[in-house]
Amino acid sequence: MDQIQKKILEEVADLHGVLEGAYNIRANGVSAARNTTANIDIVTKTDKPGIDIIIKPGTKNESVHIPVVLSESGLKDVVYNDFYVGEGADVTIVAGCGISNCGDQDSQHDGIHVFHVGKNAKVKYVEKHYGEGDGKGARILNPVTEVYQEAGSYVEMEMVQIKGVDSTVRTNIAELAEGATLAIHEALMTHGSQKATSDYKVTLNGDGASADVVSRSVAKDDSEQIFAVSIEGNTPCSGHAACDAIIMGNAHVVAIPKLDAKNVDAALIHEAAIGKIAGNQLIKLMSLGLTEEEAEEQIIAGFLR
Amino acid sequence: MSLLSIKNLTYKVDDENDVKEIIDGLDLEVEDGKFVCITGPNGGGKSTLAKLIMGVNPTTSGQIIFDGEDITNKSITERAKLGISFAFQAPVHFKGIRVIDLLRLAAGSQISVTEACDYLSKVGLCAKDYVNREVNGSLSGGELKRIEIATVLARGTKLSIFDEPEAGIDLWSFQNLIKVFENMRKTVKGTIIVISHQERILNIADEIVVIENGRVKKQGSRDEILPELLGTSSASNIACNKLGGEQ
């Protein structure tokens, strides 16, 4: 791997040295490095590009890293990754994609991630997107996640896209069985003429299933964001969605909430707020000696934490 | 020598078809190292004056000299860097900014958790419960107020201004707040200006300034002004607060 690829890896996977645990690094459309452990197997798919990640039941405190790096201009990479998390396992999965496009052709990576989470399994999923490069070619990421949770499972998803991605359409589907819990935290920042769409569809099918979908976003310059979330409650369950956006410059932000209750004991809540940075927040930080720009940076950094 | 010198200060606002003078040719001298309490009737211009000193509102005319430098046209940031701190009457809420972050921004360096805890202890907060809390509506009015005061302590500037620290807090928090100011009186070496209606705060001041109709009506030592205040209409707030405090 070259220096550009290593730098991008640091951005998307917080990797600074040698990886531990299971991993699969994909660089410019091909597998660049892989490691499996006694409990976690990674198998290349034979019918389409991508891998199956098979985590044995009862696997505890292990991690899987599957970062993707694109540094060739004009590459369109589609990859299908299926995760099979065994009953009672407790794992952290770190995915991320970074694009460095210095050329004039568009670079695109579409990662389709499907999670089959076994009974009482616990998964923490972290996904970071990052783009860089001064070429005219666009940096495009269209991730899809599908999560199928069995009874009593817990999935926490942290999705971060802070910089440099020109166009994103994020599609997320989740279906939860009884007692399953899903917590999603999305942090997004767009600038320039970037466009980002997030579409979440959560279906609560089991008694006591619960979902919490929280999005914090900052739209700067001429960028555009669309956040659509739908929570369907078919049983006694609870669902909460919150979308909180800071709008700046000539940006455009759309929030589309949808709650669909089909059971009298389905408790569903949605909160949405879009607004500029409050003037009194800027004044308070300036009164501590920060310039207006520094104050803005601090407010945004805190907001997206 | 005066640390703060305000000369013929005016602040006008357009009130529908009328121009209203909130501050009307005000003159004030504040000596270095003094604990000065500004009081007076509601709507008299006290909070506006504090905001004009910090630069939150622009002056219409007149001059503000701080530590020998004309700061009339300086920004909030410049005034803060020159050594003025301001505790807001209504503390600001932030999303995602924690108490420790705010104290670090105030101190201007990456102070340790222990140092941050020292500032919180000084305002009567059990520090370890608070450093990682977000500065938002999950904290009570009294807690936010004390954190606001702690940010001013962490700055440690030549001049600290507190705009009605007692406003919007419950009685129990108020009792603690008084202790905070009594303690500050002993430990802080800089100049302190507190805007307050509270007799117990007026009682620890070196000097009291009464502001009414946008001007300084009286200025003098506590012993000189306080007894006078208790016999005038502008003392009605003090009397009411005193009664409230004893109930």
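The model is a predicted one, in which local features need pLDDT of at least 70 and side-chain atom pairs count only at pLDDT 80 or more, while totals for chains, interfaces and linings use all residues. Residues are numbered from 1 along each chain as its sequence is written, and chains are lettered from A and ligands numbered from 1 in the order in which they are written.

I begin with confidence. The model scores ipTM 0.90 and pTM 0.85. For pLDDT, the predictor's confidence in each residue from 0 to 100, chain B has a mean of 88, and 93% of its residues reach 70 or more. Within chain B, helix 2 (residues 76-82) has the highest confidence, at 97, and helix 9 (residues 236-246) the lowest, at a mean of 53. Helices here are DSSP runs of H or I with at least four residues, numbered from the N terminus.

I turn to the contact, where two residues count if their C-beta atoms, placed from the backbone, lie within 7 Å. Chain A gives 16 residues and chain B gives 19 residues. On the chain A side, helix 2 (279-286) and helix 3 (292-303) each supply at least two residues. The largest share, six residues, comes from helix 2 of chain A.

Finally, helix 5 (residues 141-155) of chain B has 15 residues and reaches 22 Å from first C-alpha to last, close to the 21 Å expected at 1.5 Å a residue, the expected span being 1.5 Å times one less than the number of residues. After helix 5 of chain B comes B:Gly156, with a positive phi near 55 degrees.
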